[in-house]
Amino acid sequence: MFGKFDASNDVSTSTQVKASVQRGIKSQIASSHPHLTEDEVNALLPKKPPLVQYKVGPHLMLYCRRMEREGSSSADEPAFYQHRDGPILPTLRLVHKYPSLKFTSVTVDKGAIPFVLGGANIMCPGLTNPGGAMPADGEEKDDDGFELPGLSKGDGVVVFAEGKENALAIGVMTMSSKEIREKNKGAGIETVHFLGDGLYMADEL
């Protein structure tokens with residue numbers, strides 16, 4: 001998604017996010033990352049200054065935090081983004097800036113690292129092999145008493161790697177964690193943002 005992203009050419013109109021919209025964004029982030037506390041979400045997205053949203057192409061929205069600087073003009077720091085009606089996802093730079101925060105995440109094994117850093121989607125064995133990890137399935141149940149997967153299709157995740165401290169990608173589940181464990185073949189996560197891509201290199205707009 002951001003492999004060839006160029007902030008100087010690909011970003012168009014920018015507008016200040018309304019307070020009601022920003023509350024909705026915070027609510028979605030809190031729901032997608034249940035281990036983040038309310039205070040942590042508020043720290044990531046304070047009321048002031050409000051978020052600034054940039055349109056990237058016809059279907060992508062980039063949400064930026066305005067950074068005020070003494071004696072110079074302000075700059076906008078990419079913090080979250082959303083493709084169509086998909087999950088609102090954090091940028092890798094934001095994840096790296098707050099390493100103690102518990103974003104919803106998975107871990108790939110060492111063998112998957114070079115492929116992920118090249119922007120490839122994450123194959124199921126990279127998550128199920130020794131060194132890989134996903135949230136456990138069946139810890140929660142739906143209203144009918146059926147066990148829920150640890151991660152559902154369409155969930156956004158931060159991708160870590162075996163033996164590495166910092167996250168290397170952001171992805172969207174293309175099947176549930178339960179299906180990944182059962183099928184163990186094909187792509188389980190679509191890689192939408194990775195270390196060194198165009199968005200990662202755009203530390204401010």
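Trainee: Which residue in strand 8 stands opposite Val108?

Mentor: Ala161 does. Keep in mind that this is a predicted model. Now step back to the strands. Strand 6 and strand 8 (residues 156-161) run parallel and pair over four bridges.

Trainee: What is the strand order of the open sheet?

Mentor: Five strands, ordered 6-8-9-10-7, with mixed pairing. Strand 6 (105-108) and strand 7 (122-123) are the edges, each pairing on one side only.

Trainee: And the cores?

Mentor: The general idea: in soluble globular proteins, nonpolar side chains tend to be buried together. In this model, the largest nonpolar core has 36 residues. Those touching the most other members are Phe5, Ile25, Leu44, Leu62, Phe80, Tyr81 and Ile170.

Trainee: Which element gives the largest share of this core?

Mentor: Strand 3, with four residues. Other elements give two or more residues too, including helix 2 (19-32), strand 4 (75-83), strand 9 (169-173) and helix 8 (198-201). Domain 1 (11-100) and domain 2 (105-194) each supply at least three residues.

Trainee: Take one member. What does Leu44 touch, leaving out residues up to four places away in sequence?

Mentor: Leu44 touches Leu36, Arg65, Phe80, Leu94, Tyr98, Leu101 and Phe103. Phe80 is also on the list of residues that touch the most other core members.

Trainee: How many residues are in the second core?

Mentor: It has 20 residues and is separate. Ile122, Met134, Val157 and Ile180 are among them.

How values were computed. Residues are numbered from 1 along each chain as its sequence is written. This is a predicted model: local features need pLDDT of at least 70, side-chain atom pairs count only at pLDDT 80 or more; totals for chains, interfaces and linings use all residues. Side-chain values use heavy atoms; hydrogens and water are left out. Two strands pair if DSSP finds at least two bridges between them. A nonpolar core is a set of buried Ala, Val, Leu, Ile, Met, Phe, Trp, Tyr and Cys residues joined through side-chain atoms within 4.5 Å. Buried means under 20% relative accessible area, exposed over 50%, partly exposed in between (1.4 Å probe, protein chains only). Domain bounds come from an automatic or database domain assignment. Contact means heavy atoms within 4.5 Å.
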